[in-house]
Amino acid sequence: MLRTSVRSKDSYRKRILKKRSEILKRLSKELNEGITKGPELKASPGSDLGDLSALSLDSHLSVSFVRRYSNMLRQIDQALARVDEGSYTICEECGEKIDKNRLEILPFAPYCIQCQRRMEEENRRASRLNQSDGGPINDSGE
Ligand SMILES: [Zn+2]
């Protein structure tokens, strides 16, 4: 059935890890800029960038900022797990193959473009419905 060769597993993994380090680099850059601009974001010295909860947050902006990054990092971890399982190139939603070009641009994409679009559309619709009272932000994530 779904065969992923060891060699392509390796190259997938490499690509994902490269993306991960890019994201961490960007995160640390944005954090530094945030600190010099007026400390909305304070990374405690020596804190592990992977542990975003170690950041103290004062504004909604930084909450969404951290959420964006922690989402990406979580997707990256999941993508690495999927490489091991051999299901990396398979859309989690519909089970179809994810487009190769899409995975090159977004190596941690869990869904094919069609499913991604459909879910974004559904989210937009759902958030429109929930916006009546500004809606509390659900932090648990899981
Ligand atoms: Zn799909």
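Colleague: Hi! Where does K9 sit?
Modeller: K9 is placed in helix α1; helices here are DSSP runs of H or I with at least four residues, strands are E runs of at least two, and both are numbered from the N terminus. This is a predicted model, where local features need pLDDT of at least 70 and side-chain atom pairs count only at pLDDT 80 or more, while totals for chains, interfaces and linings use all residues. Residues are numbered from 1 along each chain as its sequence is written.

Colleague: Why does K9 count as partly exposed?
Modeller: Because K9 has 14 C-beta neighbours inside 10 Å. Buried takes 20 or more other C-beta atoms within 10 Å, exposed 12 or fewer, and partly exposed lies in between, with C-beta atoms placed from the backbone.

Colleague: And how far is K9 from E85 in space?
Modeller: 9.7 Å, C-alpha to C-alpha, though the two are 76 residues apart in sequence.

Colleague: Switching topic: which residues make up the largest nonpolar core?
Modeller: There are 11, including Y12, I16, C91 and F108. Such a core joins buried Ala, Val, Leu, Ile, Met, Phe, Trp, Tyr and Cys residues through C-beta atoms within 7 Å. Helices α1 (6-37) and α2 (60-85) each supply at least two of its residues.

Colleague: What does C91 touch?
Modeller: Leaving out residues up to four places away in sequence, E96, I98, Y111, C112 and C115; contact means C-beta atoms, placed from the backbone, within 7 Å.

Terms used:
Contact = placed C-beta atoms within 7 Å.
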